[in-house]
Amino acid sequence: MADNRDKTTDQMKMWKENRGSQRPDTLTTGAGHPVGDKLNLQTAGPRGPLLVQDVVFTDEMAHFDRERIPERVVHAKGAGAFGYFEVTHDITRYCKAKVFEHVGKTTPIAVRFSTVAGESGSADTVRDPRGFAVKFYTEEGNWDLTGNNTPIFFIRDALLFPSFIHSQKRNPQTHMKDPDMVWDFWSLRPESLHQVSFLFSDRGLPDGHRHMNGYGSHTFKLVNADGERVYCKFHYKTDQGIKNLSVEEADHLASTNPDYAIGDLFNAIANGNYPSWTFYIQVMTFEQAEKFQFNPFDLTKVWSHKEYPLIPVGKMVLNRNPVNYFAEVEQLAFDPSNMPPGIEPSPDKMLQGRLFSYPDTHRHRLGANYLQLPVNCPFRARVSNYQRDGPMCMFDNQGGAPNYYPNSFSAPETQPQFMESKFKVSPDVARYNSADEDNTTQVRTFYTQVLNEEERQRLCQNMAGALKGAQLFIQKRMVENLKAVHADYANRVQILLNKYNAEAKKNTNVRVYSRPGASAIAASSKM
């Protein structure tokens, strides 16, 4: 058995083998002082108290007490890997970003896959969207495409995001996952129907991270060298083929191998089976956007591939595992506001909210200088600005260069050619309600045309199996939302709910009573 172990299990063995005949390094404190004894405290006598001067102990323990950093609020459980992006098709007619400069150009990338709602120690085979974030280390600064494995999302207004996540997390009193919270929010926000239907379909349980697609999800803006602009969506399709887990397989793995997806990715790369994805864009002109049948920036909807076909761009390949998980995955920070010249945000309300939220989160988790960490550092660009100081400043703090702007001393200067493109906006500032912007048409298409009969049946079984845990009035509200999509969708879920509810009522009515003795009755009457 020991000879057939996978690469994750044999990591320590391989680390030793890679050292060859090297002698062990000298053990030191954090300050580099050699340590003579790492097994025994320095005490006053063999049974006496320890001494404050035992720096070997205090150095070790003080650092141990501070090992954990705040866990990500969302996307806490994740896997990461590194590789490259290669341009295979010319799209310079749409975008001037140097990452797309010419066919054959390669750019280093880092990718982090994750579940969304679960904590860091949760199983990675649960039904949940998957994060699929890509960091391109370009010579114009890092480009972070913070995507998911779905082209859509549950909400279209960023103001709802904290409440949405709260509903998916733990009850504030019981500290347990709460079906009432989950389904109450979803049923009150029918724009979630599209993503909820996707989630409870077969693709809600991807088989690891290698067998799923990725999407930038949001609408972005591309600008070419002539200043011409188009709207764009990014897609990355798995070259390994789509592969999903059955409910039974996912449940079994959650209890027997909760780190299945992390191990699958690590082992594949360690064995030289490098996963890859083909990168595409969809393009929509500003004129087409003005005449589009719905809001083209609505994150709960997709663009038709027939009307806006996929345009091939390149290939992403992952060929290196992290050297150290904490340094290169836990500290890996993605920020959708990191966009090089040629890539800009659209008016997508969710994207606009993330432009603030993501870097704000990283400054909380990792500190103001998180972009100086090697895994986040834009190492292919020269960083020159007027930001200074802060905790954990890792380099020379830009030396003696002026730390104010403007100045007269040949310090970093602006470059007008990198000005953002101009665009028009509505002059009427208000809080616009987008709750009823056609929440059903694309869901109906998904249910009737994308899914086959067996997939529809599994979708309804999966949804009813989760919805049964919510109160009846929430169940009824959700089924009413499904009726607006398609009568068959609602009927199937309702029939299954009727069955589950009848079984639950039957089980709650079956009680076994033991009649107390006369002495027990007498004792209770005196209390």
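The following legends describe close-up views of a predicted model.

**View 1. The largest nonpolar core of the predicted model.** This core contains 39 residues, and W183, W186, M463, Y489 and V493 touch the most other members. Seen by element, at least two core residues each are supplied by α3 (161-168), α4 (179-188), α5 (193-199), α11 (441-450), α12 (453-467), α13 (472-485) and α14 (487-509). Apart from this core lies another one, of 38 residues, which includes F85, L265, F279 and L318. In soluble globular proteins, nonpolar side chains tend to be buried together.

**View 2. The surroundings of Y489.** Y489 is one of the residues that touch the most other members of the largest nonpolar core. When residues up to four places away in sequence are not counted, Y489 touches S197, Y447, L459, C460, M463 and L482. M463, one of these contacts, is likewise listed with Y489 among the core residues that touch the most other members.

**View 3. The largest pocket.** The space in this pocket amounts to about 2000 Å³. Its lining consists of 49 residues, and P378, R382, V383, S384 and N385 lie nearest the centre. Two or more lining residues come from each of β4 (141-148) and β10 (343-345), and β10 gives the most, with 3 residues. By class, the lining of the largest pocket comprises 21 nonpolar, 16 polar and 12 charged residues.

**View 4. The second largest pocket.** The volume of this pocket is about 1400 Å³. Of the 38 residues in its lining, F297, P347, D348, K349 and Y432 lie nearest the centre. At least two lining residues each are supplied by β7 (229-238), α8 (286-291), β10 and α10 (349-365); the largest share, 4 residues, comes from α8. The lining of the second largest pocket divides into 15 nonpolar, 6 polar and 17 charged residues.

View 5. T138 belongs to strand β3 (residues 130-138). This residue counts as buried because its relative accessibility is 1%, and buried means under 20%. A polar atom of the T138 side chain lies 3.0 Å from the backbone nitrogen of E140. The backbone oxygen of G141 lies 2.5 Å from a polar atom of the T138 side chain. Not counting residues up to four places away in sequence, T138 touches V99, T107, W143, P340, R380 and A381.

Note on methods. Residues numbered from 1 in each chain as written. Predicted model: local features only at pLDDT ≥ 70, side-chain atom pairs only at ≥ 80, totals over all residues. Heavy atoms only, no water. Core = buried A, V, L, I, M, F, W, Y, C linked by side-chain atoms within 4.5 Å. Buried < 20%, exposed > 50% of the residue type's maximum accessible area, 1.4 Å probe, protein only. Contact = heavy atoms within 4.5 Å. 1 Å grid on protein atoms, 1.4 Å probe; cavity = no way out; pocket = protein on both sides within 12 Å on 5 of 7 lines; lining within 4 Å. Points joined across faces, edges and corners; volume = space filled by probe spheres on them. Nonpolar A, V, L, I, M, F, W, Y, C, P; charged D, E, K, R; others polar. Polar contact = N/O pair within 3.5 Å; in protein donor to acceptor, adjacent residues only side chain to side chain.
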